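Welcome, and thank you for taking a look at this protein. Please have the sequence and the 3D view ready, and we will walk through them together.

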Amino acid sequence: VQAPLGSFYLWLPVPAGFDGSFAFCRHLMERAGVVVTPGIAFGADGDRYFRVSLVCPQANLRKALDRLHEASVRYRDPRDRPEPRSPRVPSHGAVRA
């Protein structure tokens with residue numbers, strides 16, 4: 001049996017600032033009317049994640065994204081970090097040793 005290359009669910013980390021998956025999912029439901037599944041429903045190890053089902057018409061997914069946008073809900077994966085900035089070198093003169 002060949003291993004599948006994908007699935008019809010997204011399993012995403014809960015953003016910082018929420019006390020677990022249930023709190024984040026409740027926030028989305030109350031703020032934007034968008035329902036996703038808290039990871040805690042799949043066991044204690046899932047509590048830092050939530051599941052998004054992609055098994056619906058594309059128009060429904062677009063509507064959910066529009067609702068999130070209208071409610072000013074932004075998602076940032078907590079594992080993403082901004083790239084480090086390069087140190088600035090003064091442009092007004094030479095660097096002396």
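Here is a short briefing, grouped by topic.

What you are looking at is a predicted model. The protein has two helices and three strands, and along the sequence they come in the pattern β-α-β-β-α.

**The overall picture**

- The protein has 97 residues, and 21% of them are buried.
- Its accessible surface comes to about 8,200 Å², and carbon and sulfur atoms account for 54% of that area.
- Among contacts with a separation of 6 or more, 66% are between residues 24 or more positions apart.

**The largest pocket**

- The largest pocket has a volume of about 540 Å³.
- It is lined by 23 residues, and those closest to the centre are Val34, Val36, Val52, Ala64 and Leu68.
- Which element gives the most to the lining? That is H2, with six residues.
- By residue type, the lining of the largest pocket divides into 17 nonpolar, four polar and two charged residues.

**Two salt bridges**

- The count of salt bridges in this model comes to two.
- One of them joins Arg26 and Glu30, whose closest N and O atoms are 2.9 Å apart.
- Arg26 and Glu30 are four residues apart in helix H1, so about one helical turn separates them.
- How accessible are these two partners? Arg26 has 44% relative accessibility and therefore counts as partly exposed, while Glu30, at 58%, counts as exposed.
- Another salt bridge links Arg62 with Asp66, and here the closest N and O atoms are 3.5 Å apart.
- Arg62 and Asp66 both belong to helix H2, where they sit four residues apart, about one turn of the helix.
- Asp66 has a relative accessible area of 33%, so this residue is partly exposed.

**Ser21, a residue of helix H1**

- Ser21 lies in helix H1.
- Is Ser21 buried or exposed? Its relative accessibility is 0%, so Ser21 counts as buried.
- Leaving aside residues up to four places away in sequence, Ser21 touches Val14, Pro38, Gly39, Ile40, Gly46, Asp47 and Tyr49.

- With a relative accessibility of 44%, Met29 falls between the 20% and 50% cut-offs, so Met29 counts as partly exposed.
- Which residues does Met29 touch, not counting those up to four places away in sequence? They are Val34 and Val35.
- Met29 and Leu68 are 39 residues apart along the chain, and their C-alpha atoms are separated by 9.7 Å.

Key: Residues are numbered from 1 along each chain as its sequence is written. This is a predicted model: local features need pLDDT of at least 70, side-chain atom pairs count only at pLDDT 80 or more; totals for chains, interfaces and linings use all residues. Side-chain values use heavy atoms; hydrogens and water are left out. Buried means under 20% relative accessible area, exposed over 50%, partly exposed in between (1.4 Å probe, protein chains only). Contact means heavy atoms within 4.5 Å. Accessible areas come from the Shrake-Rupley method with a 1.4 Å probe; for residues, only the protein chains shown count as cover. On a 1 Å grid over the protein atoms alone, a cavity is a set of points where a 1.4 Å probe fits but cannot get out, and a pocket is an open set with protein on both sides within 12 Å along at least five of seven lines; lining residues have an atom within 4 Å of a point. Grid points are joined across faces, edges and corners, and a volume is the space filled by probe spheres set on the points. Ala, Val, Leu, Ile, Met, Phe, Trp, Tyr, Cys and Pro count as nonpolar, Asp, Glu, Lys and Arg as charged, and the others, Gly among them, as polar. A salt bridge is a side-chain nitrogen of Lys or Arg within 4 Å of a carboxyl oxygen of Asp or Glu.
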